[in-house]
Amino acid sequence: MVKFKKRTCDHCKCDFTPTGAKSVMCSAMCRFNSKVIRHKDGCWEWTGSVNSSGYGSVFLNGSLIGAHVFSYITFVGKVAAGQMVLHSCDNPKCVNPKHLSVGNQKDNMKDMKDRNRRSYPCGQDCKTSKLSDDSVAQILERAGNGECLQSIANTFNVDRTTVLSAIKRNTWKCVDVNWSSAFEMYRQRKFRRLLLKHKREFVQEMQEMISNGMATKCVCRLFSVEPRLLRKFLSEAVA
Ligand SMILES: [Zn+2]
Ligand SMILES: [Zn+2]
């Protein structure tokens, strides 16, 4: 290993032995502190590099982690696997350990929803969007009522894929009214298409289960098909 000459830390002014030609500070702690501004309102603003979601990032033992995560680990304690560090102050750049807590992904989503915080513009706030939040809600409502996607697309003067991705929640995630029934309708349609494709095998299996004494309800649940549809398939198979 190459030995570097001792130098003075840019931040705390102590003497240290650098581990690389470019290291100008003695520790991760000094690198962290040199990039933090402590504001009067209590937030510690990270002035170093930030990722695309607006969170600061730091190198710790060779890997890149969130500056807020570094702060939590350093000042508070461990972050268990599957847990993430959340902000109570709604400021992604803040690294004040007093404004941080741990929780899981679910807590984070709830948090975001409660505060209506979005880490990136979504829906009509997004400059490139062709639709308003209102029209997306209408689209979802119509889809939930079973209207054909192409006709919805025509009405709103967009592509069918735009409608579909709103239903599948690839886009417009922030509009959550009317969404679940639209998605349920989509799922059922997709499943029906699948059934038509593999109908013979499916129906045979269903028949076998029912003749083996399994309750219709259970078979429906297994194949996630409505009772009405199941009866239809079975009667067609008999005919
Ligand atoms: Zn130092
Ligand atoms: Zn804060």
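Which residues in α4 meet which residues in α6? Val-136, Ile-139, Leu-140 and Ala-143 are the ones from α4, and their partners in α6 are Val-163, Ala-166 and Ile-167. Please keep in mind as you look around that this is a predicted model. The protein chain has 239 residues, of which 17% count as buried, and it holds 10 helices and eight strands.

**The α4 and α6 pair**

- Helix α4 covers residues 133-144 and helix α6 covers residues 160-167.
- Sorted by class, the contact of α4 with α6 has seven nonpolar residues, with no polar and no charged ones.

**The largest nonpolar core**

- In soluble globular proteins, nonpolar side chains tend to be buried together.
- Here, the largest nonpolar core has 14 residues.
- Those with the most contacts inside this core are Val-136, Ile-139, Leu-140, Ala-143, Val-163, Ala-166 and Ile-167.
- At least two residues of this core come from each of α4, α5 (149-156), α6 and α7 (179-197).
- Helix α4 gives the most, with four residues.
- Take Ile-167 as a place to start exploring: leaving out residues up to four places away in sequence, Ile-167 touches Leu-140, Ala-143, Ala-182, Phe-183 and Tyr-186.

**A separate core**

- Another core, of 13 residues, lies apart from the largest one.
- Among the residues of this other core are Trp-44, Tyr-55, Val-58 and Phe-70.

**Around Cys-14**

- Where does Cys-14 lie? Cys-14 is in the loop between β1 (7-8) and β2 (15-16).
- Is Cys-14 buried or exposed? Cys-14 counts as exposed, because it has 11 C-beta neighbours inside 10 Å and the cut-off for exposed is 12 or fewer.
- Setting aside neighbours within four places in sequence, Cys-14 is in contact with Cys-9 and Cys-26.
- Cys-14 and Cys-26 are 12 residues apart in sequence, and their C-alpha atoms are 7.5 Å apart in space.

**Contacts along the chain**

- Counting contacts in the protein chain with a separation of 6 or more, 41% are between residues 24 or more positions apart.

Note on methods: Residues numbered from 1 in each chain as written. Chains lettered and ligands numbered in written order. Predicted model: local features only at pLDDT ≥ 70, side-chain atom pairs only at ≥ 80, totals over all residues. Axes fitted to C-alpha atoms, helices over the stretch in contact; angles between N-to-C directions. Contact = placed C-beta atoms within 7 Å. Nonpolar A, V, L, I, M, F, W, Y, C, P; charged D, E, K, R; others polar. Core = buried A, V, L, I, M, F, W, Y, C linked by C-beta atoms within 7 Å. Buried ≥ 20, exposed ≤ 12 C-beta atoms within 10 Å, placed from the backbone.
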